[in-house]
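Hi everyone, thanks for coming. Have a look at this one with me for a couple of minutes.

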Amino acid sequence: MHPAIANEIAKNNKQVLFVWLDGGMSQLESWDPKPNTRFGGPFRTIPTTIPGVHFSELLPRMAKLADKLSIVRNMHTQDNSHSAGVPRMLRGDPANRGVTYPYFGSAVSKILGPGESGLPPYVWIKPGSGGFKPENAGFLGPKYGAIAFGDGKRPENFTRPDAISPEQDELRNELRRRFSDRFAKGRRPTANEAQSYVYDMARTLMARADLFDTTTLPARDLDRYGRTELGQHMLVARNMLEAGVRFVQVTSYGWDTHGDHFNGSASLIPKFDAAFASMIEDLDDRGMLDNTLVIAMSEFGRTPRINGHHGRDHYPEAWSMVMAGTGLVPGAVIGATDAEGIYVDSPHGNDIGAVFHTWYHALGIDSMNEEFYNADQPLPMAHHEMEPIREVLA
Amino acid sequence: MITRYVCAALACGYLWIGIGFSGEGSVHDKIDALIDAANSKVEQPVAGLADDAEFFRRVNLDFAGVIPTVGETQSFLADKSPDKRVKAIDRLLGDTKTYARRMREAFHVHLMERRGENELWQSWLENSFAENKPWDQMTREIIRADFRDEPNRGAAFFYTKRMEKSGQNPTDYPGVTRDVGRLFLGMDLQCAECHNHRLIDDYNQVDFQGLFAAFSNLTLLREEYPAVEEKLMNTKLEYSSVFTGKSREVAPKLPGLNEIEVAVFEKGEEYNQAPDRKTKTPGIPKFSPLTEFAKQMAGTPNFSKNIANRLWFLLMGRGIVEPMDQFHSENLPSHPELMELLGQEFITHGHDIKWLLREIALTKVYQRASTLSGDEIAPPERFAVALQRRLSAEQLLWSTIRATGHRPDDVQLDNIEPEEEDGDEIPGLRERFYEAMANEPKLPEHEFSPSMKSALFMMNDTEVLKLLDQIVDEKATLDGLYLQIFSRLPIAAETAEWGKYLNETENRKTAVRDLAWAMLTSTEFVVNH
């Protein structure tokens, strides 16, 4: 990237919230319901704050916030498997260049930088285990990987042992700096810089133990977000965004409902509704929505056809994703599916490449003309044959 | 010149006799001459020789995988003999057990890239280095992966770990192909699977597919030991380029060499030993591409230069060809003549790893100081100054144990079994260090790139703190701490600064502990320099 442009972009204070619904949320039970049709399922629809647009009744709070969203209803992608499909979505599925493209979070970390918070630029809040995820960064290099906080909790070795007081910790780190700086004289500075950087980041994070602690939040918040796993994780995500973390990814698992899908949806979707709606409300309240790109999606949707286990299967041919915030037109609905939700309207719908271009543009990054560099190899930022969805860009 | 057989005889003995070829024609002198010439040409300022302490720490980390003990450092510093450096190198190379462990640790990471562990693989590696097995022989054993060759069975782990399936994904034959290309031939052919490489003219799709023909013919066997089986092969592999669409075929083939002729037999005649369905014993096909690959691999154009380059990297922190898996005509070595020299000499010396490591260690270049005076800038590829190199999790583990005054025997290295049935194991020091300091699987550990995890570990881990608590001795002197942790004595300015700190403290015990911690986490300790 041209240095002058890189500098401009670095001054950019945009942030991203990326909500990943792993397994395939059903568009028919959420953003693009088809009531009273062959495949419509048992749920009804409710009107939203966008005239003429309805959501499933399972999203009552999001229905009231629809006018803040940009809703893409004609997603049409290539992969119906989880193992391959999930990374393809998360990496933007560019044309194969023989390199592993970075997750959107890694790309944003690199292009926009960590910001001023001193916290990791790319944070991932997920159920299960945490740790450092360098593989997310692809060819950008492990530095741009995600730091995952398992169950939204503090990482291992986070707490200073009782035997070391805060003053002693400060002192010994000061001593470390002095030894390191002495050693750095007459030597290339990179090793010393790398070592200092990780200690500084660790200590900044340790000083913000509050980011992980939702118990001190008002009961009203805990109730609004829902006293569910996703609700709690979304609150940690809110803390992170408020603290200035550049890119926060939140994952919710369990969406792959091949069986008993309607009961599954009745359980999963309202929990998502509460957590996601609360987040959008709060970002808006805090004036952060103008500078934050908010995304919620899965690796594909679910089939109109209902299978023998009262379930829906994988469906990349016609599904929906939503976004909100910076650089986007609120209350926009992009594309449509046919009456039964089997086909997307335009010949190709929108593939993930177009969506990536859209996200980059929303953040003020010209992905059509800028390039990544993998050593000397220039690479398009997103699929080179696709374009951003112009109608949704402000 | 030592022939291969003499070399083997010497290596099998218990004494590595340091035959000091320090004459004009020695390889190490030639190495120095080539690098000096290149630096003179561009008037590159170079560092002088490292002082004794820096040299001694470096050579111990490189050949023993751990910093020296206080006693060893003191002896070396006090030694007045003019050839003490050569003697130190030879003593370290002659300590077979320690050398073999160190090389096992280094090559395990280099070849398996933290994908997993296997006892047979580790013992095969260690035995190979203990015998100073030539590299071409090690390669043959890995490539042939003959599970019937019991002592060398573990070598198959190179394939088997990479062939394990994950999730719904198919067996990663392209991954095996790519890694054989990268690690043994210095060619990353990943971008030549589906078409000729777009950017590297020397890498063609036929290079990838020729390798792939043999490796995609393997099946993982379910045994307690790593094992693969070759299926029958009686046709060439068909493939086509995604760009031209033209259909082609190739027999198993190594880059730069001719195709191996696919031997076709009458039905029923294909095996030397037929498979036995009852005992589930695989057969021995008459045509074995792996056998042919094993025979021919050392004859491929870049085979010897690739390993010479990687051994150079092991001691110098940077390959002569970089990246190390991109040998091709448009990627010039930083010192082309030097690369040729090392490749050639390595062949002449029968791919003797210990011999090459010794020659490199005897160079001035290896023994350079890591500082340049003033504001001099030395681009790394000039080898004008010793680089700050990454220490592996293993080196850091052993060194931290030693630096805190312990021995491996008296610390909790291994995991502790849980007391309750469904409880968790408590990780030992070894696992903690790997978690904190090693890369995630498949990420080569070439550069110093510390993680936040390592910082949190050194700051807050209870086992680390225990190690430090036990170092604390109120009588500990500054000199003692420096010798134990930094493997050197403090300079006057340091004695002034820290001496003052220690003498003015109220709680000397805590002060010593904090000073020691700061030294262990400073850049000086965590890199090799």
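This is a predicted model: local features need pLDDT of at least 70, side-chain atom pairs count only at pLDDT 80 or more; totals for chains, interfaces and linings use all residues.

Residues are numbered from 1 along each chain as its sequence is written, and chains are lettered from A and ligands numbered from 1 in the order in which they are written.

So, chain A. It has ten helices and 15 strands; these are DSSP runs, helices being H or I of at least four residues and strands E of at least two, numbered from the N terminus. Along its principal axes, the C-alpha trace of chain A spans about 75 × 50 × 40 Å. Of the 394 residues in chain A, 51% are buried, meaning 20 or more other C-beta atoms, placed from the backbone, lie within 10 Å of the residue's own.

Now the largest nonpolar core: 238 residues. A core here is a set of buried Ala, Val, Leu, Ile, Met, Phe, Trp, Tyr and Cys residues joined through C-beta atoms within 7 Å. Helix α9 of chain A, residues 261-285, brings the largest share, ten residues.

Finally, how many residues of chain A are in contact with chain B? There are 39, and they meet 39 residues of chain B; contact means C-beta atoms, placed from the backbone, within 7 Å. On chain A's side, α5(A) gives the most, with nine residues. Thanks, everyone!

Notes:
Two residues are in contact if their C-beta atoms, placed from the backbone, lie within 7 Å. A residue is buried if 20 or more other C-beta atoms lie within 10 Å of its own, exposed if 12 or fewer, and partly exposed in between; C-beta atoms are placed from the backbone.
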